[in-house]
Amino acid sequence: MGRSPAALPETQSCKATEGYNGIFSFTPDGNPLLGEVPGIRGLWLGESVWLTQSAGVAGVLADWIVTGDPGIDTTSLDFRRFDQTHLTRTVSIERASENYDEVYDISHPRKQTRKLRKFATTPFYVRQEALGAVFGTAQGGWERPLWYGSTECPNIAGRRRDAWGTYGWSPAISAEARQAVNGVGLVDRGAASVFEVRGSGAEKHLQEILAPGLSLELNTSTGAFVKSPSGGIAADLTVVRTAEDAYLVIGSSPEDVWHLRRETHHLDGVTVSDVSSATTALALIGPDAAALLASVTRGGIPAVSSPVAPVLDVGGVPVRAVAETTTGVGGWMLYAATEHGLYLWDLLVAAAGKQGMALVGDEAVTALRIANGVPAFGIDFGPQDTAYEAGLAEPSAGAEARPGHRLLVRLRLSSGRHAVVTGEPVSRGGSVVGYITSAAEDPASGRFLAFAWVDPEAARAGTDLEISHLDAAWAAKVDRSPLTTPCHP
């Protein structure tokens, strides 16, 4: 490591007596590769570990091997976290080289990669590009519309916010969210992870993985968690029974397939297939979504929030309609074969006609879910967090916070002039009590909202807290106004 004589003048009279060179290991996302190798019990992987990480990694692996619980959230460390496309040599070198170039840069949490853009696109990409969508990338290299340049925005020139807080932000985000809440919105969900579990032992196999009492009627759906060894949430899934011996399982991570292929007493009678590439999806949300969907569908449509998940004839396209719970607004996830995706988009946009339809980007989805109190798996909670700690279960269900564990709460900033970002510390009385996991502008009030993990004594509704933003401390309050949470058994 170099030294600066100006900063440390004493070093001018010092000479190096010993040194060594080593090889830097870089992965596509810059983090180590840890975990047990699937199919080879007892063989554990610990690669791309820097010297500064070695002691911590050794402790995590030791706990993981001996107890099954690594003791920390390993979402960003488990080597199974990558989409299969990230395992090619070309992609690995491109992304790892970018991480090498920027390893010591101060990067904004919303910064987007410049490598391998347009690597994976949904069927709707050509329409989104024509509408001036601003794109980011999601897991697997998918191009995702963050917001649309064609969205009409109100004049907010009087509201000044600092450049760091509003990096990668646009007033179009709240405009899209408001339009969806007041009418109907269309969301690209084509990057979903979708799996089919089929076979004579499918039901019992899923019961061992998800919940002993899991039982679905044909063409119905439910939400389900995969529990981690520590009692936390290893995966957040939607399960649809499509036949007597078949289920569709919708997840959010490449790791989901490993959970579904976990060895059980019934695995021999089951086939788990990744059908993500063969499947695309759109979400139709908002109070006018039912009228719009009914106008292009032969036969009836399921009620909003209903567990019924039938196959509908939508303009001739066979579409599986599943209740949408991500945004808290209400509506349906519409799953179809990839080859029908663009036709389905055009059909729905044309059906909206003159009344219009809000095209909703990923940032507006984040704003809606935070405003409606819907935390996201892999962002706000994960394997080290129980459903109660993440605000997804009531104390009456027999749950309680574990000693020393924080609770997930929603914070509301006191001033509309302030914008905060992921990772910023949360304090009370000068002492740090937690950190932010996700944040967005409230489409209704214009003030930023955030999910944050805080110490239990700071989690009570109405508690005054501060969020550290650069060199400032901004007032916030624990906000427990009515929240909407996903429905899970």
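**Entry 1. Helices α4 and α9**

I looked up how α4 passes α9 and found a right-handed crossing, the term for a near helix turned clockwise from the far one by less than a right angle, anticlockwise being left-handed. The model is predicted: local features need pLDDT of at least 70, side-chain atom pairs count only at pLDDT 80 or more, and totals for chains, interfaces and linings use all residues. Residues are numbered from 1 along each chain as its sequence is written, and side-chain values use heavy atoms, with hydrogens and water left out.

I noted that helix α4 (residues 171-182) and helix α9 (residues 362-371) pack at about 65°, their axes 8 Å apart. Axes are lines fitted to C-alpha atoms, for helices over the stretch in contact, and angles run from 0 to 180 degrees between N-to-C directions. Helices (H or I, at least four residues) and strands (E, at least two) are DSSP runs, numbered from the N terminus.

I listed I173, E176, A177 and V181 of α4 against E363, A364, A367 and L368 of α9 as the residues making the contact, that is, heavy atoms within 4.5 Å.

**Entry 2. E176**

I then followed E176, which lies in helix α4. E176 is buried, with a relative accessible area of 0%; buried means under 20%, exposed over 50% and partly exposed in between (1.4 Å probe, protein chains only). Leaving aside residues up to four places away in sequence, E176 touches W147, Y148, T151, A358, L359, V360, G361 and A364. I recorded 8.0 Å, C-alpha to C-alpha, between E176 and W147, which are 29 residues apart in sequence.

**Entry 3. Strand β20**

I checked burial along strand β20 (residues 448-454): seven of the seven residues are buried, so the strand is largely enclosed by the rest of the structure. F448, A450, A452 and V454 point one way, while L449, F451 and W453 point the other way.

Strand β17 (residues 407-413) pairs with β20 over six bridges, with R410 opposite F451. Strand β19 (residues 431-441) pairs with β20 over seven bridges, and I436 has A452 as its bridge partner. I also noted that β19 and β20 form a hairpin with six residues between them, where G446 in the turn has a positive phi of about 80°.

**Entry 4. T122**

I located T122 in the loop between α2 (89-101) and α3 (125-130). T122 is buried, at a relative accessible area of 5%. I noted that residues touched by T122 include W142, R144 and D188.

Notes:
Two strands pair if DSSP finds at least two bridges between them.
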